[in-house]
Amino acid sequence: MRFGVVRFPGTCDDVDALLAARRVGEAEILWHADADLKGVDAVIVPGGFSYGDYLRVGAIARFAPVMGEVERFARSGGLVLGICNGFQVLCEAGLLPGALLPNTSLRFVCRQVELEVVNAGIPWTRACEPGERLSIPAKHTTGRYWAPDDVLDALESGDQVVLRYAPGHNFNGSARDIAGVCSPEGNVMGLMPHPEHAVDVLTGSVDGLKLIGATG
Amino acid sequence: MRARVLIRPKEGILDPQGQAVERALPALGFEGVSHVHVGRLVELDVDDPALLPEMCERLLANPLIEDYSIERPDADRWTQDAGPDAPRG
C-alpha cells in the first residue's frame, strides 16, 4: 500500500501522518500546488491549519490544485482519509457531509479520547470490531460535527457514522456524539481525532494503526 | 463597485461565540441584550456584482451552516439587496 500525504501551507501533522503510514506501507508527500497524486493507492489529508484556516476552516484549501485530483480520485472510489483539518477540508469540498463548528467551549482542547467503532465494514475500519473502543488523541478548536437533522438521520440509517465519542468523551459538542463519518460508498472517511498520533506505545496507544493500517 | 457581504451563523445552530458576548455584556452593566450572534463581514471591490452570490455560495460562506447577505452602496447609503432567499439579477 502506497500512501500520499497532502501538504498545504499551514499543515502541521503531515510528518506524523507520513511516519504512521510508513509503519504499514510506503508513503510520500503530495504538495498542494501539484495536481498530481503520483499514482498512490490512498490519500491522507492530514491535520493542521491549511492556508492559515483564513476565512473558515478548510475553505481555501479545498480549492488547491491537489484537491481537484483528490476529488476525482475519491469520486472514482479511491481511498481518502481526512484527519482533523483534513476532515474539515473534505467537508468543505463536499466529499463528506456536514461541517465542523467551533467547540461549544470555544477552547482549544488536547486530550486522549475514547472512540467507539460504529461501522467496522469500510476499508478504513475493517481491522476493528463493531463496538470496539479505540484510544486516540484529539486536539482542536473547531471540531463540533454538525449537519441538519435529516442529514444526521440519513447518515445513521446509511451506516455513514463510522466513529462516535464514547460516553463522557464528546468534549466538543458534536451532534449525536459523531467523531467520524464516511462517504456513502465508504472509501472516504473523515475524523477529528488523530490516529497518526497513536502509533507507538511510547505515546500511550497504538490504536491509530488499526485505522491507518486497515487498508493494507 | 464596493460591496459588503455579511455572514451569520444559521438560525438554530448553537453559537457559543454569540452566547459568550451575551454573557459578557451584563457583566459590564449593559442589561436587556439578547439573541446575540457573531458573524463575519467581508468588504470588497468587484467589477461585476452579479458574481457576488456565486462567490458567497462557493467560498465566502458555507451555505450549510451560514446565511449571507450582500450589500451594495446605493447613492450614499448601503442597501441590503440579496441573499440566499432574495431575488437575484
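## A guided tour of chains A and B

Start by selecting chain B: its mean pLDDT is 87, and 82% of its residues reach 70 or more (pLDDT is the predictor's confidence in each residue, from 0 to 100). This is a predicted model, where local features need pLDDT of at least 70 and side-chain atom pairs count only at pLDDT 80 or more, while totals for chains, interfaces and linings use all residues. Residues are numbered from 1 along each chain as its sequence is written, and chains are lettered from A and ligands numbered from 1 in the order in which they are written. For the complex, the predictor gives an ipTM of 0.87 and a pTM of 0.92.

**Stop 1: a helix in chain B.** Select residues 52–60 of chain B, helix α2 (helices are DSSP runs of H or I with at least four residues, strands are runs of E with at least two, and both are numbered from the N terminus). Which residues are buried here? They are B:Leu52, B:Cys56 and B:Leu60. These residues cover an arc of only 50 degrees around the axis, which puts them on the same side of α2(B); the arc is that of the directions from the helix axis to the C-beta atoms. A residue is buried if 20 or more other C-beta atoms lie within 10 Å of its own, exposed if 12 or fewer, and partly exposed in between, with C-beta atoms placed from the backbone.

**Stop 2: B:Ile7.** Now click on B:Ile7, in strand β1 (residues 2–9) of chain B. Is B:Ile7 buried or partly exposed? B:Ile7 counts as partly exposed because it has 19 C-beta neighbours inside 10 Å.

Stop 3: Move to strand β7 (residues 133–140) of chain A. Its covered face holds A:Leu134, A:Ile136, A:Ala138 and A:His140; the uncovered one holds A:Arg133, A:Ser135, A:Pro137 and A:Lys139. Then show strand β6 (residues 109–117) of chain A, which runs antiparallel to β7(A) and is joined to it by eight bridges (strands pair if DSSP finds at least two bridges between them). Look for A:Leu115, standing opposite A:Leu134.

**Last stop: where the chains meet.** Show both chains: nine residues of chain A are in contact with nine residues of chain B.

Terms used
Two residues are in contact if their C-beta atoms, placed from the backbone, lie within 7 Å.
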